Amino acid sequence: FCFLFRFLCCNYEPIYFRKCSQKDELTMPHLLDIKELKSKIKQTSKQKGISTLVKSSFQLANNVSAEDSTNYVSETNHFEDSRRSSKESSVDEDNQNEHSLSSSLSFSSFQKLQSKRCTTVVAVFSDKQGPQRSLSELSKVCESINVELKELKFENLDFGGYDVLDTFYNADVCIVDMSVLHEQASLFYHLGVRESTGMKDNIVIIEDVSSDKTTSVKLSCSGYFFISYKLMAGLNCTVTNYCGFKDSCPKKLSTAFLRALRNVQGTSKAKCKEIFLRDLRKAREKLTGVDLKLELDCLKKRVDEPALFSSDILLNLLYAYRDIQSYESVIQIVESVPDHPEIQNRAIQQIYAFALNRSQDPENRKKALEVVLKLLNDKEPKSPDLLTQAGRIYKDMYYDSQYTDEKSRDEAIKWYKASFDIQPSDYSGVNLALLLVAAGHEMSKSDDLQRICMTLNGLIGRRGHLQTLQSFWIVGRFILTSILARDFPRSVLACQQMFKLDPPNWYIQSLMKDMLLLKHMKFADEDLCQLTREQYRFWSEFFSKAALFEEVNNETKFPVLILDPGNQYSESFISINTDALPDEPNNIPLFKGIRLWHATPECHYVEKLKATCKKIHSWTFSSNEIRGVSTFKKDPRCLFLYVQKNSDDFQIFFSSCQHQQRFYNLVNSLSNSSKYLDSVDGYSNPDDQDELQYEYEYDASGEKICLGRGSFGAVYAARDISTNVKLAVKEIPERDISQVQPLHEEISLHKEIRHRNIVQYITSRSEDGICKIFMEQVPGGSLSSLVIDKWGPLIDNESVMSYYTQQILEGVKYLHGERIVHRDIK
């Protein structure tokens, strides 16, 4: 049967088969070309889906008699030997598989993988002393017998990330420590999922600190190997109970581990699965978006093989489709063979219900609810994940009704509460608290709401400091928890962290629905100080724009973040007007250009700072003052705005890449309409700068800020007093005529140069025996600082190298056109 399917996947020569009839119009004459059979099965598969292909293949295998099968296998073995010997001198087939992630499995690569394969053990241990000591002994045993050990944290497994679940479900052996009581329910659930996919090698261990607790866990482990141990003096672990193994109970825990791992034998089916999973992981690492979707579709075709058509393989494939939001593909796979035993796996049905609910189709949402309620009504234990999924479906139905379906709201509260009572988590807790607020509960009056919020704060606090959180899921719950606790300053900080993580748009949309619910329930912010209220409202608008990224065609005003030289983000707004036609009712000409202003300057709301603040918080630039705009290669939401009479070019971050592209196009149309020239600079007449009034900028210690030093002098930061424009002052001591004369020649030459890629000369003068050359101050630092601080090594970033090299060459080309040689390009 396995040989037959392997031949169906390859283009072999004609082979002799015994004639047998099939119900699905798959007849096999005495002489049948395997290519013809392959084309017929492909045609049937396209017409009737995976179901027909699998059923037809099973019928084909069952109708071959034992005698004919023996003859067939001998013939095919002979054919395979001759084919393999002819291939030995060709290119290594493992290298061929590298070129195509979905290439067919070859027999030689299968043999090589089988010989190289290393048994994988995954361990989930708590942080207590006893479990950590037992983990240390397990690590030594694995190292001694060449077994790969992977340690997983319980919180990562409980969170359910794809990579963690993939590692846990597909390991050859799973060893789980049940010493912590509140972790047992979730761990038994994940072990059940492993067992349902055919991964039977599971070991449960527990530190024997209480005979009653140990006995309780032992009774729950009838289907698993069970080991209990005690941590003795000298930090040695001694076995106290040993169930599920045929041999006698050893005294040392390390001996028990050694016996268990030596009994693990990999099967050919497991090898075939590993090759598929290797290709699946490779696809996820190398590809994204549409390319990953196409590769997953190719991998899906290989699942038709009986060795791969299993619940664990299907589950991994469905998780991959889920993570790229290809919910239709998940639905299609499950509904193609809905009654197949592998498809009826609880975990597969759960992800199927998830995909139905996320498809945003009301009929699919009802179907998802039926699937989840069916799972909840069977005799299996109710896992917290399944309970929260039921709550999520009812919650989405409540949101779709514009907050009018109170029955769905109450059902959602029931299921979220059931999950939170079994195992408190920040996900179920946040949703439960939101829905209780929607039901009219008030923090000051509701004991349930107060208890939930206190537990939530503890759960989120265990995740670590806000600035170290790298999961947008956790930061989103941090935002909602802070709002529920009316800690709006903390929610503003969480919003800033959320922006830095750049979450996908679909998650922003989900987060905004929760925030809009609080706004709909009049979760007021009037009692806040004005500064905090304006900051909170800014971030609400910022993420609202990100959620509505598809509606940017008519936008001319954008909430943005400006990155200042101190690497601090300033909440701001920017508006652009490309049309200067008069306003018809008042006949007043509209301003044509760009306005930029800080949304929440602290000095506007704090009385003590109003009189002392000297910072500029708003800018207005006409179309003639706009020099241009460029994108930021590292972040598609960012661009640089270059303006005349302002040496600090603005680095601006938008709420989405669509808004950034909209503004970029508007600026380019504005620049083109104003006949923008590359040579525009802030000081069009250098000869009139003799009366320049300036002042140096000083650091905290009272020293002049030095921008750089060279062999002849230093460059200091200064400011034009009349225009507030930043300057760079190059100071060179006038020691002898041999140094001064070349300097004046360079100044006279520099006066005539005007190009946007060359620092602009303003004026020069001699003061107290020092020649001072005033130039525009170019922000952003040197190319080397950009490489170190922003881009990183450019060896694999050809677009960035070409971007800056082009600007350098444009400046050199201009100089050569003026018959000037630079002679000092570094």
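In which helix does Lys367 lie? Lys367 belongs to helix α17, residues 362-376. Helices (H or I, at least four residues) and strands (E, at least two) are DSSP runs, numbered from the N terminus. The model is predicted: local features need pLDDT of at least 70, side-chain atom pairs count only at pLDDT 80 or more, and totals for chains, interfaces and linings use all residues. Residues are numbered from 1 along each chain as its sequence is written, and side-chain values use heavy atoms, with hydrogens and water left out.

Lys367 counts as partly exposed because its relative accessibility is 32%; buried means under 20% relative accessible area and exposed over 50%, with partly exposed in between, for a 1.4 Å probe and protein chains only. Leaving aside neighbours within four places in sequence, Lys367 contacts Glu335, Tyr352 and Leu356, contact meaning heavy atoms within 4.5 Å. Between the C-alpha atoms of Lys367 and Tyr352, which are 15 residues apart along the chain, the separation is 10.0 Å.

I turn now to the sheet. Its 6 strands form an open sheet of mixed pairing, ordered β4-β3-β5-β6-β7-β8; two strands pair if DSSP finds at least two bridges between them. The edges are β4 (148-152) and β8 (237-243), each with a single partner strand, so one side of each has no neighbour in the sheet.

Within the sheet, β3 (residues 120-124) and β5 (residues 173-177) pair in the parallel sense over 4 bridges. Opposite Val124 stands Val176 in β5.
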